[in-house]
Amino acid sequence: MKSGILGRVAGRRGVAVMSALLCLVVLVPGVARADNPIVQTIYTADPAPLVHNGRVYLYTGHDEDGSTYFTMREWRVWSSTDMVNWTDHGSPMSLATFSWASADAWAGHTIYRNGRFYWYVPVKNRATGRMAIGVGVSESPTGPFRDALGRPLVENGEIDPAAFIDDNGQAYLYWGNPNLWYVRLNADMISFSGGATQIPLTTAGFGARNGNASRPTLYEEAPWVYKRNGLYYNVFAAECCAEFIGYSTAPGPTGPWTYRGTVMPRQGGSFTNHAGVIDFNGGSYFFYHNGALPGGGGFTRSVAVEKFTYNSDGTIPTINMTATGAPQVGTLNPYVRQEAETIAWETGVETEPASGGGMNVGWIENGDWTKVKGVSFGSGAAALNARVASGTSGGRIELRLGGTNGTLVGTCTVPGTGGWQTWTTVTCPISGATGTHDLYLRFAGGSGYLLNVDWWQFQPR
């Protein structure tokens, strides 16, 4: 059954309805100009970005459709080289990865060390009924991940782990709601020295909360600890509910912390928020989640990103949520193979595992489309090759520039292939694709599901 978020709105068609619901969309001929939230095919939450080998990998949770609680069964991975076109790598880790876990695939964090990626996640321990932190490990940033221990790394009923490796090689794992804890991880990243240490939640360190004697400080959950120019930052979700994002700084990784103020005010239609901060290609980026997609809210959240610049004294400016999102870093090269699930914006489609590995775009009906931003055609494209499949009679892929009703530069006809994972490559001529444009793949045909797309690649003139 198709369950695409934008496809569920008002008879599966989205642009006008999205505009009315969200104030996210500014219409120019046939095109939605929003780029936030950065994923529209499913609900995502709790972003944990990681920069590795010139690419940003984004690890998220997955809020199930129609949730009325934090109903989460798997984690997802996305990646980008330009901060606007995000590739869906599917779900390389789920509750089933941890045989001892019973529920709650909640907010985790991934870090790289010694050729491996370690994904720290909170889940409910079946044996105790309490939240515990497990560790997934993989040799690839996109998985699959396996249980590194076969048991919890640490368990005290609290959540939201975040890992940090200091310049001297000492690694730390922070976590906690309602308290804030850390352990010193050993070099193997799956054991620690000493016991768990509770960080004092003082008003000097984490701000003063009014009206809640049991929680006198603003700290709520979701610590994100990093180091910049010799200063340690702890960015955290503050004062539920609704939460805002605050931060503290310290001269060392364990404190003493000094509260510095608000990063992101209460905004966005979700009563929680969860931050991740990275530097990439000379810019600084702030990831968060909100409830901005159709059907969105506190249990159906979506990840977004903003670019920002630190103040000259190292403080973080106030960052507001936008529908625009981060600017593109460079352009996209259409003359190398591009996965169809590399998308800046879409309406109607979903993704699924492809038989040959990776993911494909599917559940496509007449009028659905995907946008790829900032495609550099240079002096011109001559043809497009696309890997496609259809379990029905197929359909058409219209290649348009600048909008869903923009300049038509080519049309690829997709035949029935005898199955949704029975793949063939089609080629169609292209005319008029020069310079740099947003590329729209608009799908057309009869009723019902039309076709799947695995990848595409233009041929230059």
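This is a predicted model: local features need pLDDT of at least 70, side-chain atom pairs count only at pLDDT 80 or more; totals for chains, interfaces and linings use all residues.
How many nonpolar, polar and charged residues does the lining of the second largest pocket have, by class?

Good morning. Let me begin with the whole chain. The protein has 461 residues, and a compact globule of that length would have a radius of gyration near 23 Å; the protein has 23 Å, so the two agree. Along the principal axes, the C-alpha atoms fill a box of roughly 65 × 45 × 40 Å. As for secondary structure, we have 2 helices and 36 strands. Of the 461 residues, 59% count as buried. Now take the contacts with a separation of 6 or more: residues 24 or more positions apart account for 59% of them.

On to the inside. The largest nonpolar core has 44 residues, and Tyr59, Val235, Phe286 and Ile316 touch the most other members. Strand S10, residues 116-125, gives this core its largest share, 4 residues. Let me stay with Tyr59 for a moment. Leaving out residues up to four places away in sequence, Tyr59 touches a list that includes Asp46, Leu50, Arg76, Phe117, Trp119 and Phe145. Apart from that core lies another one, of 32 residues, with Ile364, Leu399, Leu441 and Val453 among them.

Next, the cavities. The count comes to 3 cavities of 30 Å³ or more. The largest has a volume of about 90 Å³, and 13 residues line it, with Ile38, Val39, Trp78, Trp86 and Ile343 nearest its centre. Two elements give two or more residues to that lining: strand S6 (86-88) and strand S27 (345-347). By class, the lining of the largest cavity has 7 nonpolar, 3 polar and 3 charged residues.

The second largest cavity holds about 40 Å³ of space. Leu441 and Val453, which I named in the 32-residue core, are among the residues lining this second cavity, along with Phe443 and Trp456. Strands S30 (369-376), S35 (436-444) and S36 (452-460) each supply at least two residues here. And charged residues? The lining of the second largest cavity has none; it divides into 7 nonpolar and 2 polar.

Now for the pockets. The largest has a volume of about 500 Å³. Its lining has 20 residues, and those nearest the centre are Leu50, Trp224, Tyr226, Val277 and Ile278. You will remember Leu50 as one of the residues that Tyr59 touches. Which strand gives the most to the lining of the largest pocket? That is S18, with 5 residues. Strands S3, S9, S14 and S22 are also among those that supply at least two residues each. By class, the lining of the largest pocket divides into 14 nonpolar, 3 polar and 3 charged.

Of the 21 residues that line it, Ile42, Arg76, Thr351, Glu352 and Met359 are the closest to its centre. Arg76 is another residue that Tyr59 touches. Strand S28, residues 350-353, brings the largest share of this lining, 4 residues. Here is the answer, then: the lining of the second largest pocket has 5 nonpolar, 10 polar and 6 charged residues.

Technical notes:
Residues are numbered from 1 along each chain as its sequence is written. Side-chain values use heavy atoms; hydrogens and water are left out. On a 1 Å grid over the protein atoms alone, a cavity is a set of points where a 1.4 Å probe fits but cannot get out, and a pocket is an open set with protein on both sides within 12 Å along at least five of seven lines; lining residues have an atom within 4 Å of a point. Grid points are joined across faces, edges and corners, and a volume is the space filled by probe spheres set on the points. Ala, Val, Leu, Ile, Met, Phe, Trp, Tyr, Cys and Pro count as nonpolar, Asp, Glu, Lys and Arg as charged, and the others, Gly among them, as polar. A nonpolar core is a set of buried Ala, Val, Leu, Ile, Met, Phe, Trp, Tyr and Cys residues joined through side-chain atoms within 4.5 Å. Buried means under 20% relative accessible area, exposed over 50%, partly exposed in between (1.4 Å probe, protein chains only). Contact means heavy atoms within 4.5 Å. The radius of gyration is taken over C-alpha atoms; the globule rule is 2.2 Å times the number of residues to the power 0.38.
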